[in-house]
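Subject: Two-chain model, handed over with notes

Hello,

Please find the structure below. My notes on it follow.

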Amino acid sequence: MSELIFEKHSLNDASWLPKLEEPEAAILKRVPKEYLRKSEPAFPSLSELDVVRHFTNLSRKNFSVDTNFYPLGSCTMKYNPKSLDSIASSTSYTQIHPYQDEEDIQGALKVLHEMQLFLSDITGMDEFTLQPAAGAHGEFCGLLITGAYHRSKKQKKTKVLIPDSAHGTNPASAALCGYEVVQVLTNAKGHVDLKDLKSKLDDSVACLMMTNPNTLGLFEEEILEIAQCVHKAGGLLYYDGANMNALVGICRPGDMGFDIVHLNLHKTFAVPHGSGGPGSGPVGVKKNLVQFLPAPRILKEKDRYFFEKTAPSSIGKLRSFYGNFGAIIRSYAYIKALGVEGLKGISENAILNANYLKTKLKSIFEMPYNDFCMHEFVLSASSQKKRGVKALDIAKRLLDHGVYAPTIYFPLIVDEAMMIEPTETESKETLDEFVSILRRIDEEIDKDPQKVLNAPHTTPVGRIDEVAAARHPNLRFKPPQGSVL
Amino acid sequence: MQYISNTEKDKQEMLTAIGVPSFESLIANIPKRLRDFELKIPAGISELELDRELDETGKRNKNFKYYIPYIGAGNYDHFIPAVVDRLALRGEFITAYTPYQGEASQGTLQSMYEYQSLMCELTAMDYSNASMYDGASSLAEAALLALRFGERKKILMPETVHPEYRAVVETYLSYAGSEIVTIPMKNGALDLDHLKKSLDQNVAAVIVQHPNFFGILEEAREISDLAHRAGAMLIACVNPVSLGVLQPPGEYGADIAVGEGQPLGNSVSFGGPHFGFFTVKEELLRKIPGRIAGMTVDKTGRRSFVLTLQAREQHIRREKATSNICTNQALCALKGAIYLTLLGKTGIKKLALLNLSNAHRTYERLLKIKGVKPFSDKPFFNEFAVRIDKDRDALKVNLKKHRILGPLDLQKFYPALRSSYLFAVTEKRTGEDLDQLIQAVDA
């Protein structure tokens, strides 16, 4: 059994902290009694060695990019260069305060300002804010800008259009901004159904939120016409950058007609996912929307960087300070290291790897959409399901082979969906091995189905009872009554 | 520099297998006019050159290694033991995704559960989520939760709450159909009389930051009672380090307790990334935003951890979710959990005492200087404001000359508060630091 920090005991005298220079009672006298804590927190007591061992052993129970192939569709689990960790950990960047005088933080402001320019260049937008902390935070920012824009035009807009293949954050962000969400259908080719879109476009539509390539991994070929229709109806076009790894150096959302773009630096620009964050979700806009960006913008005059003093039309602030600086600097260094050729190499290799895998897997799985894909693709385990094994079972069985599971049951419009994104950093050898693992699992369905149905067998725990977890929530450790910790 | 693993030969073989002559054939469906652009980004460089360049850029920042920070206002210069980063930067933590496949993510999931447990103990609240973006957005989400819970539409927010937090709450509530009522301050704390007058049947929640932006301890117990008597919730925004000695929000009856997790093992890093913590009373559990890890069993009965209560979240509920949050600040929260574990029961109290002692000794010495006067007579924790009747620019020059960063000139956020400065003093400040500071202010 995996013991909790609360269930282990060794000496912890916190001697890594300096000694108190006054007696405790003298210190506490400075605060009236009624403000003081009455109960002690039931914290663990562990020596430094035991803390190190505990968390090191926990880490070994994780799959990660550093240890495993991680073809998790829509998440861009690429290699995160270690040099970026070192740079982000340097005292010049970690030991500075957001409220220092501008002249004392010119280095940090330079990084942020140049990053705004880099991202504008890569996406074809006019200006960027780096404030949003993650993709969904970026969506929130973009939709607030959408609202501010329409208000400035004295237009009342109530709806946001979202394709039925979209991520859940899109409708959730729209709801947070008070919009009614209207779904746009996907056609048989896996693209936004232009006819359906046109029938839903009217003067109540604030914007259309899209990814391109879409969540099926397909490039929206009619994007120029889509943009024209949305603009003609008085709406804005919003780009969800979840799939930007397909487009770097190849084409730009700004040129397609998108008015607002958010990027996920933790996908395309190599910020490690950190088991679920921190990410960074910068937002770029076209000229006519710059005035609405969150305050403060970072500007440059001659060699001096500074914060914009006033921003009367700004949507305000989305978080304290200026964004996830430690994540932004990683991406900044990544873009500098790669340079223009390296950036093009991202998407070229991501697209090549994905199409190669798709070609190889055609003989094993149903492919609901046959065109060339971009950086990822969705296959269907529907024929496997007929033989008694679901996408979920295959996903779990992959874990036994040391491969993290693809995204499954998403997008919602594909039956038994498995969404696979190999990224540009994986080798052909790894991809070939992945194909052969999937082939073996497919054969196992007929030879030894229980093996697949009961997978995983080699992970620290077997299939987890999620229903029990939700029905009887145990969300924290509680010390047993009367126990002394 | 490139991080590609395929050789030219591999690529050729892959194109052949796909059955196309060149890469261009794979993207032939992208309209021609979209392909016509040149990036302005310069050519790539080696890791060695990158290192050198970022090092040069970094020299244009005055950092805490060579300068002495007396600046806080939401981010604090605490000591971080080496263990924290050594563990959190392990590839298995830093390069893993959100633990959706529980069986392959037990390390992250158990550490999330332990983080939640630690935060509940620290705040004396019932439940915690796995983290939010930062303190400010946690506070905003807390206000949204209070509004979601019933029909009431007003949020009372004191002027003593961090000005940037107030701005973020305003942004988040733009479309919530609610009204934010500002409670003015008196003697550095929120004006209780004004609060009493503002409490009515339509108030969903009262926000209190404690210690507040000025470092001052608010009368949390009384504010809590007043809010509850009016049928409103209390949202407490707290400094986690202060809870080593100060009454935790659970003890004075807060319904939601949030705050900035940075002081727990995360470096200041120019304001981010850090994490927001979010804790609640039991009855609010199923309405809270963000991810939660739970303990359960696998099919053979072994203890296991998994993301749970996901029916609240955007990937399941879409537009009906309790929040749009997806990626949070997991790694920063992990650092928080490791840091709190290293502190243990003895350490959390000791840390708070060190801060309390250092801040008060600094305050006492500053007040002995001619022209330095109290800002308020209310109690404080590790941050305080004083009035310094000296020329603003001369004071600044002197502080710089003595390698002091800060204090925060309160005029930045409160134009009416002239000659008032906010000092933060953590366990890191030494006697020599203090001598430097005194010389600088006394010059």
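Strands β8 (residues 233-238) and β9 (residues 256-260) of chain B pair in the parallel sense over three bridges. Strands and helices here are DSSP runs, numbered from the N terminus, with at least two residues (E) for a strand and at least four (H or I) for a helix; two strands pair if DSSP finds at least two bridges between them.

On conventions: this is a predicted model, in which local features need pLDDT of at least 70 and side-chain atom pairs count only at pLDDT 80 or more, while totals for chains, interfaces and linings use all residues. Residues are numbered from 1 along each chain as its sequence is written, and chains are lettered from A and ligands numbered from 1 in the order in which they are written.

Around β9 of chain B

On to the next strand: β9(B) pairs with β10 (residues 276-280) of chain B in the antiparallel sense, over five bridges. There B:A257 has B:T279 as its bridge partner.

Five of the five residues of β9(B) are buried, a residue being buried if 20 or more other C-beta atoms lie within 10 Å of its own, exposed if 12 or fewer, and partly exposed in between, with C-beta atoms placed from the backbone. In a regular strand the side chains alternate between the two faces of the sheet. In β9(B), B:I256, B:V258 and B:E260 point one way, B:A257 and B:G259 the other way.

These strands belong to an open sheet of seven strands with mixed pairing, in the order β2-β10-β9-β8-β7-β3-β4 (chain B). Its edge strands are β2 (127-128) and β4 (179-183) of chain B, each pairing on one side only. Helix α9 (residues 220-229) of chain B lies across β7 (203-210) and β8 of chain B, at about 155° to β8(B). Such angles run from 0 to 180 degrees between N-to-C directions, with axes fitted to C-alpha atoms, for helices over the stretch in contact.

The nonpolar core

B:I235 and B:I256 turn up again in the largest nonpolar core: among its 300 residues, they touch the most other members, together with B:A143, B:A146, B:A205 and B:I207. A nonpolar core is a set of buried Ala, Val, Leu, Ile, Met, Phe, Trp, Tyr and Cys residues joined through C-beta atoms within 7 Å. Helix α11 (residues 330-367) of chain B supplies the largest share of this core, 20 residues. Leaving aside residues up to four places away in sequence, the contacts of B:I207 include B:L139, B:A143, B:I235 and B:C237; contact is counted when C-beta atoms, placed from the backbone, lie within 7 Å.

Chain B overall

Chain B comes to 13 helices and 17 strands, and 60% of its 443 residues are buried. Its C-alpha atoms fill a box of roughly 80 × 55 × 50 Å along the principal axes. It is divided into domain 1 (8-58), domain 2 (68-79 + 345-442) and domain 3 (82-339), with bounds from an automatic or database domain assignment. The centres of domain 1 and domain 2 of chain B are 51 Å apart, taken over C-alpha atoms.

Chain A

In chain A there is an open sheet of seven strands with mixed pairing, ordered β1-β7-β6-β5-β4-β2-β3. β1 (127-129) and β3 (180-184) of chain A stand at the edges, and each has a single partner strand, so one side of each is left without a neighbour in the sheet. The twist from one strand to the next averages 25°. Strands β2 (residues 159-163) and β4 (residues 205-210) of chain A pair in the parallel sense over three bridges, with A:V160 opposite A:C207.

A:M374 sits in the loop between α11 (325-361) and β10 (377-380) of chain A. Why is A:M374 counted as buried? Because A:M374 has 28 C-beta neighbours inside 10 Å. Its contacts beyond four places in sequence include A:P213, A:F219 and A:I351.

Between the chains

178 residues of chain A are in contact with 161 residues of chain B. On the chain A side, α11(A) gives the most, with 22 residues. That side divides into 91 nonpolar, 52 polar and 35 charged residues, where Ala, Val, Leu, Ile, Met, Phe, Trp, Tyr, Cys and Pro count as nonpolar, Asp, Glu, Lys and Arg as charged, and the others, Gly among them, as polar.

Regards

Technical notes:
Two residues are in contact if their C-beta atoms, placed from the backbone, lie within 7 Å.
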